[in-house]
Amino acid sequence: MKICIACGMPMQEAAEFACGDTGKDYCVHCARPDGSMQSFEEKKAGMIQFIIKTQGFDKKAAAQMAESSMKKLPAWKEYFV
Amino acid sequence: MQSKRQLQKESTRKKIIEAAYKVYAGQGFTAPTAAIAKEAGVSHGTIFVHFSSLEELQCYLIQDFGNTLGLEIHCLAETGSNTEELLKAHLNALAKHENFYIRLIAEKSLLPEDTQMAFANIQSIMAYHFSKVIEREGQNQAIKNIPLHLMFNTWMGLLHYYLLNKDFFSPDQPLLLRYGPELIGTFAELIKK
């Protein structure tokens with residue numbers, strides 16, 4: 001099973017892949033409307049917003065969580081050297 | 001093709017990981033590494049051939065636990081169409097590692113920061129699936145209009161309260177097996193319109 005390189009989500013169904021294209025390495029949530037992959041800043045902001053919306057955490061803690069999970073993902077390696 | 005030596009190395013690493021799960025589930029995260037070595041049947045030094053520090057071993061374990069749990073919830077959640085099905089998937093995944101999970105939530109603040117973050121990531125995975133189901137059911141006007149984060153936190157609060165007090169609720173048998181259906185049914189009833 002493929003794992004999204006930008007957020008770590010497992011991808012099984014075509015609908016979970018960006019543009020429904022199973023050849024892509026990133027998921028539908030990490031794609032921009034035109035199908036390209038979101039930038040580091042876009043993804044980080046999206047993750048922070050999502051953590052606050054779904055778990056109600058403080059913004060600073062949410063940012064720390066987002067960075068910590070991005071650190072482990074192949075798409076963002078160069079940002080954490 | 002892996003050499004015999006590589007295979008042996010992997011098998012030892014696996015033994016250490018399995019032993020660490022068992023020891024931490026039974027004794028908590030302050031258990032000495034010597035106890036893990038004894039359980040795995042390896043010398044104390046062997047642990048540090050595979051993991052450079054105790055922190056690295058603990059962080060690896062939580063991440064591994066999170067990956068397994070995340071994958072199980074993901075696969076089950078995709079087939080589940082309502083809140084109750086998702087919560088059942090959540091509890092089924094946790095039930096397999098109940099004692100380890102209890103130690104994790106009870107002793108979280110004692111763990112290194114990286115490990116705590118890995119744990120937070122596990123909860124985010126569940127929050128993601130929870131939000132998907134709730135939003136879908138919200139569109140069908142099936143559930144009350146409560147902010148998403150409070151709904152999720154209410155579920156987690158209820159679940160963790162029972163797990164943290166397992167000694168009172170269910171001292172002699174797995175807690176989720178005994179109370180899971182009641183917790184799910186009650187939560188579903190609370191949020192239903």
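This is a predicted model: local features need pLDDT of at least 70, side-chain atom pairs count only at pLDDT 80 or more; totals for chains, interfaces and linings use all residues.
Student: How many salt bridges does the structure hold?

Tutor: A salt bridge is a side-chain nitrogen of Lys or Arg within 4 Å of a carboxyl oxygen of Asp or Glu. Over all chains, the structure holds 10 salt bridges. Take A:Asp25 and A:Lys2, whose closest N and O atoms are 3.3 Å apart. This pair links distant parts of the chain: A:Lys2 sits in strand β1 (residues 2-3) of chain A and A:Asp25 in the loop between β2 and α1 of chain A, 23 residues apart.

Student: Now the two chains. How many residues of chain A are in contact with chain B?

Tutor: Contact means heavy atoms within 4.5 Å. Here 18 residues of chain A are in contact with 19 residues of chain B. Another way to look at it is buried area, the accessible area (1.4 Å probe) that two parts lose on being put together, summed over both. Between chain A and chain B that area is about 1,600 Å², with carbon and sulfur atoms giving 59% of it. A:Lys53, A:Thr54 and A:Gln55 supply 29% of the area that chain A buries against chain B, more than any other three residues.

Student: Which side chains meet in a salt bridge between the chains?

Tutor: The count between chain A and chain B is 1 salt bridge. Look for A:Lys53 and B:Glu135, whose side chains meet at 2.9 Å, N to O. On the chain A side, α1 (40-55) and α2 (59-71) are the elements that give two or more residues. The largest share, 6 residues, comes from α1(A).

Student: And what about chain B by itself? How is chain B divided?

Tutor: Domain bounds come from an automatic or database domain assignment. Chain B is divided into domain 1 (1-51) and domain 2 (54-191). Their C-alpha centres lie 27 Å apart. Between these domains of chain B, 18 residues of domain 1 are in contact with 16 residues of domain 2. The area buried between them is about 1,500 Å², and carbon and sulfur atoms give 71% of this. B:Tyr21, B:Phe29 and B:Phe51 supply 50% of what domain 1 of chain B buries against domain 2, more than any other three residues.

Student: How many salt bridges are there between domain 1 and domain 2 of chain B?

Tutor: The count there is 0 salt bridges. On the side of domain 1 of chain B that touches domain 2, α1 (4-27), α2 (33-40) and α3 (44-50) of chain B each supply at least two residues. Of these helices, α1(B) gives the most, with 9 residues.

Notes:
Residues are numbered from 1 along each chain as its sequence is written. Chains are lettered from A and ligands numbered from 1 in the order in which they are written. Side-chain values use heavy atoms; hydrogens and water are left out. Helices (H or I, at least four residues) and strands (E, at least two) are DSSP runs, numbered from the N terminus.
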